[in-house]
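Here is a quick walk through one model, written for someone who likes to know the cut-offs behind each term. Have a look at the sequence and coordinates, then read on.

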Amino acid sequence: MSSPTPSTPAPEPTPPDTTSGATATAVADATTEAVVARGVERVFAGAKGAEVVALTGIELTVHAGEFVSLIGPSGCGKSTLLRLIADLDEPTAGEIRVFGRTAKQARIDQSYGIAFQQAGLLPWRSVAANIELPLQLHGADAATRRARVAELLDLVGLADFAKHYPDQLSGGMQQRVAIARSLAEQPRLLLMDEPFGALDEMTRERMQTELLRIRAETGAAVVFVTHSIPEAVYLSDRVVVMSPRPGRITDEIDVRLGDAADRGEDLREDAAFFAGVTAVREALHGAESAPAAGAARGVDVR
Ligand SMILES: Nc1ncnc2c1ncn2[C@@H]1O[C@H](COP(=O)(O)OP(=O)(O)OP(=O)(O)O)[C@@H](O)[C@H]1O
Ligand SMILES: [Mg+2]
């Protein structure tokens, strides 16, 4: 047997076409940032015509697969920023892109999942039915839904609780259901607003480790709002520090304590972890002493 030889000379390799729109789009798709905020401002109309500048001059980029926490005193605009990214609200100035699209288009395309402080489960639906809701709403067939729900139940460690109802679960379990639901459509971006705020410390630490594992498995980018410095440091690649009135980004701290999959409980006693906590705390104190800023209320410095 002769080895296969090309019957015709190999064609000249086509030089990369830098002018073609299609090629440019394909390249951009592979490297597109998860979130880009440019010059974002949100001003609310207050009482008697007064204005509340909730956010001003926000410049933020979250890379695909990156875990970014937003931390800052109560009222500094963390939830507002998350809501703008989720297209639950609109900026009064500036622009937000999610995977290169407008926030609205990204919402329509279901590019992200959302989890808030309250699990927000439907009490009359079982655990499995809560998780499958987004799939049902978007017309996935029954077999697809069943398979995906089984996967998600495994992922959040609730395979034995599929038929339970929310009021039969602990707070931490309910939060895991909410996280499973937010992952139902395999979003490349997760938006989480204090998802563990209502949990006791032990459960909270377990949930954090679980979130890191889930994130390592899914490769999703995460924008995570928290009041807790240790939580932000433990989870994040980067911690974004905000100051209030008007809400601004005052600092960004690279943490990167290693691969999400390798971050175990012992990391919480590691020198690198404490160094991260100190760096974020100092940045927050800087934000606290910024002109017109209030005390760093609501920031957990445990
Ligand atoms: N719908 C709204 N109408 C008017 N003002 C609002 C509205 N939503 C938020 N604000 C104001 O915007 C500012 C930022 O609020 P936001 O909820 O984003 O803060 P936060 O950083 O999430 O605070 P917390 O840590 O307490 O959750 C606050 O001064 C708040 O009163
Ligand atoms: Mg908030």
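## Thr278 and its helix

Thr278 sits in helix H9, which covers residues 271-288. Helices here are DSSP runs of H or I with at least four residues, strands are E runs of at least two, and both are numbered from the N terminus. Is Thr278 buried or exposed? Thr278 counts as exposed, because it has 12 C-beta neighbours inside 10 Å. The scale goes like this: 20 or more other C-beta atoms within 10 Å of a residue's own means buried, 12 or fewer means exposed, and in between is partly exposed, with C-beta atoms placed from the backbone.

Pro230 is 48 residues away from Thr278 along the chain, yet their C-alpha atoms are separated by 9.5 Å.

## What kind of model this is

This is a predicted model, so local features need pLDDT of at least 70 and side-chain atom pairs count only at pLDDT 80 or more, while totals for chains, interfaces and linings use all residues. Residues are numbered from 1 along each chain as its sequence is written, and chains are lettered from A and ligands numbered from 1 in the order in which they are written.

## The chain overall

Out of 302 residues, 37% count as buried. Take the contacts (C-beta atoms, placed from the backbone, within 7 Å) with a separation of 6 or more: 71% of them join residues 24 or more positions apart.

## The six-stranded sheet

Six strands form an open sheet with mixed pairing, in the order S6-S7-S8-S3-S9-S10. Two strands pair if DSSP finds at least two bridges between them. Strand S6 (112-115) and strand S10 (248-254) are at the edges with a single partner strand each, so one side of each has no neighbour in the sheet. From one strand to the next, the twist averages 15°.

Within the sheet, S3 (residues 67-71) and S9 (residues 238-243) run parallel and share four bridges; Val68 is opposite Arg238 in S9. Helix H6 (residues 171-182) lies across S6 and S7 (189-193), at about 165° to S6. Such angles run from 0 to 180 degrees between N-to-C directions, with axes fitted to C-alpha atoms, for helices over the stretch in contact.

## Around ligand 1

Ligand 1 is surrounded by twelve residues, the closest being Phe44, Ala54, Ser74, Ser79 and Thr80. Being near means a C-beta atom, placed from the backbone, within 6 Å. Strand S2 (51-62) and helix H2 (78-85) are the elements giving two or more residues to this shell, and H2 provides the largest share, three residues.

Conventions. Contact = placed C-beta atoms within 7 Å.
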